[in-house]
Amino acid sequence: LSQKIETPNIQDEIYGLTKSFNTMIEKLEQSFESQKQFSANAAHELRTPLAVLQVKLDVFEKEENHNIEEFTELISDMKKHTSRLSNLVISLLELTNLEEIPMENNIEVYSLIEEILWDLDSIAEKNNISLSLTGDTAKIIGDDTLLYRGFYNLIENAIKYNNHNGKVDVDIETKNNDVIIKISDTGIGIPTDMKERIFEPFVRVDKSRSREMGGAGLGLAITSEIIKKHGGSIEISDNMPKGTIFTVKILRL
Ligand code: ADP
C-alpha cells in the first residue's frame, strides 16, 4: 500500500525537479549567450578604430616624401581614433564596474541638471539648439558622479540626435514620493520597434550616424543601469509633433 502511494509522489518530484533543472539550464544558456554576444560586440567596436588606424599607418609607411599637411592629417586622424578607443574602454569599464560604487549622498536634482546643462551649453550652441530647465527643487539619495553621468548621457543624446535649431527641455516635477525628470527633445525620434531594445548595450538606430559622433551604443545602457542602481525607472515616449521624451522616476528624499 505504501508503495502505491509513494510511487506517484516520487515521479511528481522527479518531474518537478527535471522541469526546474531545465529552466535553470535554459536561463544559464541565455545568460552565457548574452555575455558571448556582449564580448563579441565589444571586440568588434574595439577592432574598428584599431583597424582604421592600422590601414592609415600602413599606407603612410609605404608612401614616400611626405609633406607637412600629410603629417598633420595623419596625426589628427590618429588622435580622433585613439580618443574613440579610449572613450569606448572607459564606457565598457563603467558598465562593468557599476556594482562597486556606494551611494550615500544627498543630491539636489535641479542643481545637478543645471550643472550638466552648463557643461553641454557650448555643444548645444554649436548646433543652434536651445536648452531650458524648469521645475521643482528636490533631493534624492545617490552617487553624484553616477547621476551626473546618467543624466549627461540623456541630455547629450537629446542634443546629438536633434535637428538644427531644435530644442531640449528638462523638467523636474515632484509627485507623491517621486522625483520625475523629463528630458524632451525635438529631434529625429526613436522608431517604436526600437524603443524596448534601445537600452541594451551596442543597440543604435543608425549605426553610422552614432559612430560618426563617436558613439558605440553604450550610453543608454550605462544610464539605465545607473537609474536602476538608484531604485528608479526610465521610460521613452514620443514628443509631439516630433522628437523623444525620456522620463526618469527616482524616489525622493
Ligand atoms: P550612442 O549615442 O553612443 O550611439 P546611446 O546608448 O546613448 O549610444 O544611444 C543608443 C541609440 O539610441 C543612439 O545611437 C540613437 O540611435 C538612439 N537615441 C538615443 N537618444 C536619442 C534621442 N534623444 N533621440 C533619438 N535617438 C536617440
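A residue is called buried when its relative accessible area is under 20%, and exposed when that area is over 50%, with partly exposed in between. Please keep in mind that this is a predicted model.

Q: Which residues of α6 are buried?
A: Leu220, Ala221, Ile222, Thr223, Ser224, Ile226 and Ile227 are the buried ones in α6. They pack against α2, α4 (144-160), β6 (233-238) and β7 (244-251).

Q: Why is α2 called roughly parallel to α6?
A: The axes of α2 (residues 68-97) and α6 (residues 219-229) cross at roughly 25° and come within 10 Å. That makes α2 roughly parallel to α6, because angles under 35 degrees count as roughly parallel. The crossing itself is left-handed.

Q: Which residues make the contact of α2 with α6?
A: From α2 come Ser91, Glu94 and Leu95, and they meet Ala221, Ile222 and Glu225 of α6. Sorted by class, this contact has three nonpolar, one polar and two charged residues.

Q: What makes glutamate 94 and arginine 149 a salt bridge?
A: Their side chains meet at 2.7 Å, N to O, and the cut-off for a salt bridge is within 4 Å. Glutamate 94 lies in helix α2 and arginine 149 in helix α4, so this pair ties together parts that are 55 residues apart in sequence.

Q: How do you know whether glutamate 94 is buried, partly exposed or exposed?
A: Glutamate 94 has 25% relative accessibility, so it counts as partly exposed. Arginine 149, at 22%, is also partly exposed, since buried would need a value under 20%.

Q: What makes lysine 228 and glutamate 225 a salt bridge, and where are they?
A: Their side chains meet at 3.3 Å, N to O, and the pair passes because the limit is within 4 Å. Both are in helix α6, three residues apart, which separates them by about one helical turn. Residues three or four places apart in an α-helix point the same way, because there are 3.6 residues a turn.

Q: Why is lysine 228 called exposed?
A: Lysine 228 has 54% relative accessibility and so counts as exposed, as exposed means over 50%. Glutamate 225, at 32%, is partly exposed.

Q: Why is aspartate 77 called buried?
A: Its relative accessible area is 14%, and buried means under 20%. Aspartate 77 meets lysine 56 in a salt bridge (3.1 Å, N to O). Lysine 56 is in helix α1 (residues 2-62) and aspartate 77 in helix α2, 21 residues apart.

Definitions and conventions: Residues numbered from 1 in each chain as written. Predicted model: local features only at pLDDT ≥ 70, side-chain atom pairs only at ≥ 80, totals over all residues. Heavy atoms only, no water. Axes fitted to C-alpha atoms, helices over the stretch in contact; angles between N-to-C directions. Helix = DSSP H or I, 4+ residues; strand = E, 2+ residues; numbered from the N terminus. Parallel < 35°, antiparallel > 145°, perpendicular 65-115°, else oblique. Left-handed = near helix turned anticlockwise from the far one by under 90°. Contact = heavy atoms within 4.5 Å. Nonpolar A, V, L, I, M, F, W, Y, C, P; charged D, E, K, R; others polar. Buried < 20%, exposed > 50% of the residue type's maximum accessible area, 1.4 Å probe, protein only.
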